[in-house]
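Please read them with the structure open.

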Amino acid sequence: MRIIENFNRDWTFLAGFELAFASARQSGENVQLPHTAVELPYNYFDEKSYQKAFTYQKVIAWDPRFEGREVSLVFDGAMADSVVYLNGIEITAHKDGYTPFEARLTPHLKAGNNLLTVKIDGSENPEIPPFGGVIDYLTYAGIYRDVWLKITAPVSIKNVKIETPDVLAEAKQVTAKVWISNPTDQALSGKVTAVLKDGAGQEIARTEATVSGAEVSLGFSGLQGITLWDIDNPALYRLTVMLETAAGTDETTSRFGFRSAEYTIEGFKLNGRVVKLRGLNRHQAWPHLGYAMGRRGQEKDADILKYDLACNIARTSHYPQSKYFLDRCDEIGLLVFEEIPGWQHIGGEAWKAESVQNVRRMIERDWNHPSVIIWGVRINESQDAHDFYVETNAMARSLDTTRQTGGVRYITESELLEDVYTMNDFILGMEEMPGHNRERLVLRDQREVTGLDRKVPYMITEYGGHMYPTKRFDQEQRQAEHVGRHLAILNAAAGDPSISGSTGWCMFDYNTHKDFGSGDRICYHGVTDMYREPKFAGYAYASQGDPKDGIVLQPVSFWARGERNIGGVLPLIVLTNCDYVEIRMGHIVKRIEPDTKTYPHLPHPPCILDHSMVTPEEFGEWGMTWRDGELVGFVNGEEVVRRHLPADPLPTALDIAADDTELRSGEKDTVRVILRALDQGGNVLGFFDDPVEVSLEGPGRIIGPSLLSFKGGAVGVYVEAGNEAGHLTLSATCCPFGTKRITFNVT
């Protein structure tokens, strides 16, 4: 049977590379994967610091398990130009920073110690997508995903593709195509057995087929009692495939779901019913760590999108992302729009050929994920390139007939070669541009965008973003406008049946090149900050969730008389999924109903208090005493939530909140901790920026500096467990609050 072992520990890392390094062990830093070559500051840095070559080395001792077997290393992802050497001999190279590759060790292994050397070149090589032009994101160098030691029989299973045709029929079907790896070209004959199990591990059916070549197909039919995978009930099944030949046995298990997904002119249909898509774009980046976040952080991002931001879809802008992220999307019912690497630029013929292979590698890796509903086969926001995009579409369709293709563009009347017209519509805000004489418009009619005389399957893949960058600590009035723009587009998309849905730009702020950042190498385009702490606009999404999944009651205000231009807090937007809200100031009580007139299509319109609802005497004009406020939310006539808004907010408590306090040793487990400065009502102090010193005791480390500053009343810290079990204690010391601690258990 095959053996798959984690191969992340005890690598030697050093900056630079010379060919002679491949034949001799070098001295350097002992590191564990996933690893970023350069841990960048939070902001204000030189992105060229990682755009060079680096060396990773590890000794592989001969293992009796290698005898007569196939031995290889599987790299889940390395950025960007990778070359692998064993004992000084180059054994493979890979020029795609986002998909896995396998290095076959078998012919080069010897008794005793074997020197493995990996050259990683973080240079922006113009022959490799997405490079060759400018890029609005960073491509952090390093072996930033897991590496696995793989030991199999000489003849083994290379890949398995699972399809579930006609899932709406009462009796369900499964087909599986199995590819055989036979690197030594041994005579091939044998048997493949497939076993279908439900999520609880109970066997449903099994079948077998004879193997005589490099491929074999199997199938099940007449399956009863199958549960469809859906966003509210993501039922998963497992298919275990066993190969038996004269060379030995091999086995692999793939997880999948029974579901249909189709973009139509009536909208997106999941299992035959229309589902309005509401989501955000996601980069795979974190402060300091860059791309090198392990399983926990990848899974947490999926959870934030689904549970905290009430999204039902994520777009993996602008490249394939971690398998852990996709696995979690499968588990929680979060749909995914996945696309190939690229940003506006199309290179030469070699570049295009590599991009076509990016399509192949992306689909072959991810075709069994039920969460993935569409393949993005066009370079994000690129110009038309007929021959190139004919080829990328043809590649996708030849590999997977069950999913449609999309191609994200921002130019109108772009040639439609894909199945779905996917458009970045930044019209909202264009009225502010010089020479743009059009009235304020939220979204364009799709036929104006496409230039076609008919409706086609259509989705908005980006909006907002650079049209209105907003910091979490910006003035209240700007943040309120930021909220309004997101609400307006969510409402417009929800109200147009021909729009399948939208993914806003974007989930969180991110580090970027100097060409695009706010001077400090950060794009402040997110509805949360880089630590995933929500801006007010984050609650525009969160408030669209069902109240049974969590009550949202968030005023778009810091409740201060002098924060806005001219003063006051009106109009006061309250983002909520309550049926209605009451606001109380002393003896004044005002009931605020959802604004269904402005936002008729939102599941939960905001409640808005404006000047027409109060008198100057009730709310108080400039120069009058400012009073405490209280918000109360009601569902089905019952009070479900209450927020106290002090008129005189003071630093009262330091909240220290970890995503989890149970960590795993030996796998570079990293957890996010958010520090929040709270007032006496438990609200974040929106402009608190004092320094805070953090320290850690125990087998682990703090990622980044130990002296931080609050940013808009909150700041994030990442704690990484080491290789030993024990306890970690994180201490945070800030002058108004003293010291507060949190303890982690590392097993």
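Predicted model: local features only at pLDDT ≥ 70, side-chain atom pairs only at ≥ 80, totals over all residues.

1. Now the helix itself. α1 spans residues 295-308, which makes 14 residues. From first C-alpha to last it reaches 19 Å, close to the expected 20 Å. Its buried residues are Arg 296, Gly 297, Gln 298, Asp 301, Ala 302, Asp 303, Ile 304, Leu 305 and Lys 306. After α1 comes Ala 310, with a positive phi near 55°.

2. Is Ser 322 buried or exposed? Its relative accessible area is 4%, under the 20% cut-off, so Ser 322 counts as buried. Leaving out residues up to four places away in sequence, Ser 322 touches Arg 145, Gln 284, Gln 298 and Arg 365.

3. Glu 418 deserves a look. It is found in the loop between β25 (404-409) and β26 (420-424). Its relative accessible area is 5%; that is under 20%, so Glu 418 is buried. Beyond residues up to four places away in sequence, Glu 418 touches Val 377, Arg 378, Tyr 389, Asn 393, Arg 397, Thr 405, Gly 406, Gly 407 and Arg 409.

4. Which side chains make polar contacts with the side chain of Glu 418? The side chain of Asn 393 does, at 3.3 Å. So does the side chain of Arg 409, at 3.0 Å. For a sense of the fold here, take Ala 394: Glu 418 is 24 residues from Ala 394 in sequence and 9.7 Å away in space, C-alpha to C-alpha.

5. Last, a sheet. Four strands form an open, antiparallel sheet in the order β14-β13-β16-β17. β14 (203-211) and β17 (248-256) are the edge strands, each pairing on one side only. On average, neighbouring strands are turned by 15° against each other, direction ignored.

6. Within that sheet, check the pairing of β13 (residues 190-197) with β14. The two run antiparallel and are joined by 8 bridges. Ala 194 has Thr 207 of β14 as its bridge partner. Strands in a sheet pair through backbone hydrogen bonds.

Technical notes: Residues numbered from 1 in each chain as written. Heavy atoms only, no water. Expected span 1.5 Å × (residues − 1). Buried < 20%, exposed > 50% of the residue type's maximum accessible area, 1.4 Å probe, protein only. Contact = heavy atoms within 4.5 Å. Polar contact = N/O pair within 3.5 Å; in protein donor to acceptor, adjacent residues only side chain to side chain. Pairing = 2+ DSSP bridges. Axes fitted to C-alpha atoms, helices over the stretch in contact; angles between N-to-C directions.
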